[in-house]
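Have the sequence and the 3D view open while you read.

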Amino acid sequence: SYLSTMIEFIRDKLSSTFIQHFAEAFMPLLGADFGKGKKLAVTADAQENRELIYTEMRRLLQRSLKEGAGDINISEQAHLLIKIHEFMPSTLQFIHLLQIARFFKRKEEKAT
């Protein structure tokens with residue numbers, strides 16, 4: 001499933017700062033709609049909006065890859081995260097989902 005793949009990717013391949021960097025990059029774009037459960041809307045054109053988010057997602061993923069993460073297809077991972085974002089009712093809830101994934105990552109690390 002998308003969710004289990006995302007959790008595994010965040011746990012194994014990304015630094016813990018990815019979610020913070022994502023929030024810092026995208027939350028200002030929500031502006032006044034932050035508390036209204038809105039999705040990111042950089043532009044009015046849905047396709048252009050998706051491409052801009054994809055480009056920034058790829059940049060953030062590349063920046064957050066752990067050393068020794070192996071051969072990761074950043075484009076594929078960016079598409080996966082955007083797909084999950086599209087399933088979520090709002091960008092804020094998507095960020096909360098990422099935070100939950102990070103929480104599970106920390107719990108697993110403490111258990112081992």
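Which residues of the largest nonpolar core touch the most other members? They are Phe18, Phe22, Met57, Leu61 and Leu98, out of 28 residues in that core. H4 supplies the largest share, with 6 residues. Here's some background for that picture: in soluble globular proteins, nonpolar side chains tend to be buried together.

Before going on, keep in mind that this is a predicted model.

**The overall layout**

Now zoom out. The protein has 5 helices and 0 strands, and reading along the sequence gives the pattern α-α-α-α-α. Here is where you'll find the helices:

| Helix | Residues |
|---|---|
| H1 | 2–13 |

The protein has 112 residues, and 35% of them count as buried. It exposes about 6,700 Å², with carbon and sulfur atoms supplying 52% of that area. What about contacts between residues at least 6 apart in sequence? Of these, 73% join residues at least 24 apart.

**Phe22 and its partners**

Let's go back to one of the core residues. If you skip its neighbours within four places in sequence, Phe22 is in contact with Met27, Met57, Leu60, Phe94, Ile95 and Leu98. Two of the names on that list, Met57 and Leu98, also turn up among the core residues that touch the most other members.

**A walk along H4**

H4 has 14 residues and reaches 20 Å from its first C-alpha to its last, close to the 20 Å expected at 1.5 Å a residue. At its N-terminal end sits a cap: a side-chain oxygen of Asn73 lies 3.1 Å from the backbone nitrogen of Ser75. Which residues of H4 are buried? They are Ile74, Gln77, Ala78, Leu80, Leu81, Ile82, Ile84 and His85. When you look at such a list, remember that an α-helix has 3.6 residues a turn, so residues three or four places apart point the same way.

**Leu3, at the other end of the chain's story**

Leu3 belongs to H1. Is Leu3 buried or partly exposed? Its relative accessible area is 38%, so Leu3 counts as partly exposed. Leaving aside its neighbours within four places in sequence, Leu3 is in contact with Ile84 and Leu97. Ile84 is one of the buried residues of H4. Leu3 and Leu98 are 95 residues apart along the chain, yet their C-alpha atoms are separated by 9.9 Å.

Terms used
Residues are numbered from 1 along each chain as its sequence is written. This is a predicted model: local features need pLDDT of at least 70, side-chain atom pairs count only at pLDDT 80 or more; totals for chains, interfaces and linings use all residues. Side-chain values use heavy atoms; hydrogens and water are left out. Helices (H or I, at least four residues) and strands (E, at least two) are DSSP runs, numbered from the N terminus. Buried means under 20% relative accessible area, exposed over 50%, partly exposed in between (1.4 Å probe, protein chains only). Contact means heavy atoms within 4.5 Å. Accessible areas come from the Shrake-Rupley method with a 1.4 Å probe; for residues, only the protein chains shown count as cover. A nonpolar core is a set of buried Ala, Val, Leu, Ile, Met, Phe, Trp, Tyr and Cys residues joined through side-chain atoms within 4.5 Å. The expected span of a helix is 1.5 Å times one less than its number of residues. A polar contact is a pair of N or O atoms within 3.5 Å; within protein, one must be able to donate a hydrogen and the other to accept it, and residues adjacent in sequence count only if both atoms are side-chain atoms.
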